[in-house]
Amino acid sequence: MLVKEFINKTEKDYMITTLLQHYKVGNVKVKHKAMKDYAQYNVDTGTLELSTKYKEIKPRQLKEFLTTILHEIYHAMDAKKYGWRKFKDMYETEMNMIAQGHYPDKSDPYKDNKYEIEAEKFGVNNMLRWKSHFTKK
Ligand SMILES: [Zn+2]
């Protein structure tokens, strides 16, 4: 894939499909919906939601796009590992623990949530590798 003026919908879908298959979450429930973020893993329903808002992606948005998709895929991998209902419970328990002040160094039930921190680390750590993989083709 060449990074030209923009990455079209076919190329965008190809990247998502490749990543889902690579991380073996190809059978996770996927829903397309209009939303601001590129993607979002819905913990309550065990669904990977993909935005229909971005028909194409500009090259300068590629890093953020890949980091987001990888971050959300990590949630899907967790959900697959534990079963999504169990993962939902684990995630909510973590949120409640933070909200109730069980951790002295954590205050935000979302940002300080260990599942969010792990997912973001995974996204950031793998983004460049995939970026070069997709842009070399
Ligand atoms: Zn997340």
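Author: The model is a predicted one. Within H4, the buried residues are Tyr-115, Glu-116, Ala-119, Phe-122, Gly-123, Asn-126, Met-127, Trp-130 and Phe-134.

Reader: What covers the buried residues of H4?

Author: The cover includes helix H1 (9–22), H2 and helix H3 (84–99).

Reader: How do you know that the reach of H4 is close to the expected one?

Author: H4 has 23 residues, and 34 Å separate its first C-alpha from its last. At 1.5 Å a residue, 33 Å is expected, and the two values are close.

Reader: Where is the kink in H4 centred?

Author: The kink is centred on Met-127 and amounts to about 40°.

Reader: What makes Asn-113 a cap of H4?

Author: A side-chain oxygen of Asn-113 lies 2.9 Å from the backbone nitrogen of Tyr-115, at the N-terminal end of H4.

**The zinc ion**

Reader: Why are His-71, His-75 and Glu-116 called donors of the zinc ion?

Author: The atoms concerned are NE2 of His-71, NE2 of His-75 and OE of Glu-116, lying 2.0 Å from the ion. Donors are N, O and S atoms within 2.8 Å of the metal, so these atoms qualify. Their spacing in sequence is H-x3-H-x40-E. His-75 belongs to helix H2 (residues 62–82) and Glu-116 to helix H4 (residues 114–136), so this pair ties together parts that are 41 residues apart in sequence.

Reader: How do you know whether His-75 and Glu-116 are buried or exposed?

Author: The relative accessible area is 2% for His-75 and 7% for Glu-116. Buried means under 20%, and therefore both residues are buried.

**The nonpolar core**

Reader: Which residues of the largest nonpolar core touch the most other members?

Author: They are Leu-19, Tyr-23, Tyr-41, Phe-65, Leu-66 and Ile-69, in a core of 34 residues. H1, strand E2 (39–42), strand E3 (47–51), H2, H3 and H4 each supply at least two residues. The largest share, 9 residues, comes from H2. Leaving aside residues up to four places away in sequence, Leu-66 touches Met-15, Leu-19, Met-127, Trp-130, Lys-131 and Phe-134.

Reader: Why is Lys-24 called exposed?

Author: Its relative accessibility is 57%, and exposed means over 50%, so Lys-24 counts as exposed. Lys-24 is found in the loop between H1 and strand E1 (29–33). Its phi is near 55°, a positive value in a residue other than glycine.

Reader: What is the relative accessible area of Ile-57, and which residues does it touch?

Author: The value is 0%, and Ile-57 is therefore buried. Ile-57 is found in the loop between E3 and H2. Not counting residues up to four places away in sequence, Ile-57 touches Phe-6, Ile-7, Lys-12, Leu-62 and Phe-65.

Technical notes
Residues numbered from 1 in each chain as written. Predicted model: local features only at pLDDT ≥ 70, side-chain atom pairs only at ≥ 80, totals over all residues. Heavy atoms only, no water. Donors = N, O, S within 2.8 Å, 3.2 Å for Na, K, Ca; no water. Helix = DSSP H or I, 4+ residues; strand = E, 2+ residues; numbered from the N terminus. Buried < 20%, exposed > 50% of the residue type's maximum accessible area, 1.4 Å probe, protein only. Expected span 1.5 Å × (residues − 1). Bend = angle between axes of the 7 residues up to and from the residue. Contact = heavy atoms within 4.5 Å. Polar contact = N/O pair within 3.5 Å; in protein donor to acceptor, adjacent residues only side chain to side chain. Core = buried A, V, L, I, M, F, W, Y, C linked by side-chain atoms within 4.5 Å.
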